[in-house]
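Hi everyone, thanks for making time this morning. I'd like to walk you through the side-chain contacts in one structure, so let me put it on the screen.

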Amino acid sequence: MYCTKKITADLTWVGANDRRLAMFEGVYSVPYGVSYNAYLLTDDKTVLFDTVDKAVQDRFFENLTHALAGRPLDYLIVQHMEPDHSAAVQELTQRYPGVQIVCNEKTLTLLNQFFGFDADSRVLLVKEGDTLNTGRHTLNFVMAPMVHWPEVMLTYDSTDKILFSADAFGSFGALNGALFADEVDFDRDYMDEARRYYSNIVGKYGTQVQTLLKKASGIEIEMLCPLHGFVWRKNIQNFVAKYQLWSSYTPEEQGVMIAYASIYGNTENAAEILSCQLRDKGIKTVMFDVSVTPASEIIAAAFQWSHLVFASATYNAGIFVTMESLISDLVAHNIQNRTVAIIENGSWAPKSGGLMRDKLEKCKNINVLDNTLHIKSSLKESQLADISAMADAIVATFESPRTNLPSEGEGVLNPPSSENPIDLNTMTKLTYGLFVLTAQESDKDNGCIIDTVIQVGDSPIRITCGVRKINLTHDMIHRTGEFNLSILTEGTPFRIFEHFGLQSGKNLDKFSEAGNESRTSNGIRYLPQHTNGVISAKVVGSHDCGSHTLFIADVVQAFSVSDEQSVSYHYYTEHIKPKPAITPGSKPGFMCRICGYVHESDTLPADIICPLCNHGAADFVAI
Ligand code: FEO
């Protein structure tokens, strides 16, 4: 039975998923499966973008037959000849004898190498800049050699602004009913697999990916359709930004990845102690036993982190086998721009340190720290100083200079300590405005109060706003990608803050009052009173900030309502919010500084959530 997904009115996903594959390309485990994406455009002409792996070609042909609905197939565009996308080409030509294969010359050579049918007689050769008109759509061909193979070609549909991106922007992981990246929490659930896919499949070809990104920056892209993983129609810039980092071998995070090969646990012991010391010095660390963790995961981590430590036992007068394989793999994947430290173990003829250093020093812009830590069989207490020296040497290479903490008597009211590094009073000195943030999904209107909106760019006009994840408005924006901001004024009565801030839209309709029907052109409500300006914005990215999501959005409409002064958070607390009465004899407790709710107790639970306004422990003050 067919299983297709509609992308636009005339574009359909006709690919298939494989969750039984043990090893992708025979080497990469895919515990969450993999999708092979193929797309059918049904214009005046019918156009298929690539086929699928032979393991799933029965489902693919069912999908294609259904999506064609009895029409002939006019064109097959072969963007990539790797058999996970081209295995079904020969059978396709037998099922659709009239199909013309659109490809470049390198693809034709590979078609003849992989298959035995007469490809030459049915190809339409294209090169960079060529176009194919299929009726309403114009398809533009963009060569992308070595992203991942030499024949790779992308297709840009300039009518609907869709880039069919071949292996670029793909990801491991089967599509579990969702087709678009914005239907899932991609950053939380799929980014690691996307990084593992990129670094292992395309990581070697950073220069070629950079060339492609430069080409892509010159065209308007509203949708990315890769050959693996999700289709992108929102927050495309976020994912492109990851590709910028990965392809330029720029670390995503400052911290240390420690990979160790240990036979009887002694090399592991040294790695653990180093990791503890680095953590004590405030440096993030991750650790991998290279005999246990698949190399593809460690390679992905090496692309993620700024500093790498390799610790290996000596084995057969060389590097321990799993570490040797990992480092060879990493060098083959062109790892660059990292600081590296080395730990070697050897009981009678230590060799692994020098050999690891030789391999890694061949990589571009790799700073291998001078002092290798040498272990003879097991670490001794006298060597703790050597580990400390290595930790210090690593810390010294981190970008942010470390400053001495201020102490009492230096004009500091509450000096930070390691037990209590954050004085919450300091956070209240930041200045904020206050806003009603509104969203709409299906027939539901909702809004909440937020206090963090900042303009961060003027071309395009871009803003950020932080929204608490437990708010309904947060989820609505996450799904719809659109919102309005009504900028509140100093004359706003407390009841507006109560109405939008101290109750949840999950339990009531905050817009049920008659007389407020105001909507902007995106269909979302705004506040016509107590507001001096209204902004409509479209989300282009987001960042997980723990309790909140920081939405990054482009302003699509803005208008002023009055000249009244915007309210600041400070003004609100001083002049609008009623002061809770603390009566003599009242019990000790903690007051929510947002809404005034009092938690009567000697201690404040760390996980407390205010029952009135949903703010956490950080917003409670002792009374
Ligand atoms: Fe999924 Fe390079 O192919």
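Predicted model: local features only at pLDDT ≥ 70, side-chain atom pairs only at ≥ 80, totals over all residues.

Let's begin with the rings. A search of the whole structure turns up 29 aromatic pairs. One of them is W232 with F239, a stacked pair with 4.4 Å from centre to centre and 15° between the planes. Are these two residues buried or exposed? W232 counts as buried at 6% relative accessibility, and F239 is buried too, at 1%.

Another pair worth a look is Y249 and F303. Here the ring centres are 5.8 Å apart and the planes meet at 50°, so this one is tilted. It also links distant parts of the chain: Y249 is in the loop between α8 and β17, while F303 is in helix α10, 54 residues apart. Both Y249 and F303 are buried.

If you follow the ring pairs along, they join up into a cluster whose members include F169, F186, Y190, W232, F239, Y249 and F303.

Now for charges sitting over rings. The charged end of R95 is placed over the ring of F61, 3.9 Å from its centre. R233 does something you can look at alongside it, lying over the face of F180 at 3.7 Å from the ring centre.

R95 forms one with E91, with the closest N and O atoms 2.9 Å apart. Those two residues are 4 apart in helix α3, so about one helical turn separates them. R95 is partly exposed at 40% relative accessibility, and E91 is partly exposed as well, at 27%.

Other bridges reach further along the sequence. E441 and R479 have their closest N and O atoms 2.7 Å apart. Because E441 lies in strand β24 and R479 in helix α15, the pair ties together parts that are 38 residues apart in sequence.

Then there is D554 with R462, at 2.6 Å between the closest N and O atoms. This bridge runs from strand β30 to strand β27, so it ties together parts 92 residues apart in sequence. D554 is buried, with a relative accessible area of 15%, whereas R462 counts as partly exposed at 23%.

There is also a salt-bridge network, made up of D192, R195, K242 and E252.

Last stop, the surface. I263, Y264, Y315 and V321 make a nonpolar patch of about 450 Å². Of these, Y315 is in strand β19 and is partly exposed, at 38% relative accessibility.

Thanks, and I'm happy to take questions!

Key
Residues numbered from 1 in each chain as written. Heavy atoms only, no water. Patch = residues over 30% accessible without salt bridge, like charges linked within 9 Å, V, L, I, M, F, W, Y side chains within 5 Å. Areas by Shrake-Rupley, 256 points an atom, 1.4 Å probe, with all protein chains shown as cover. Salt bridge = Lys/Arg side-chain N within 4 Å of Asp/Glu carboxyl O. Buried < 20%, exposed > 50% of the residue type's maximum accessible area, 1.4 Å probe, protein only. Phe/Tyr/Trp six-rings, centres within 6.5 Å; stacked < 30°, edge-to-face > 60°. Lys NZ or Arg CZ within 6 Å of the ring centre and 35° of its normal.
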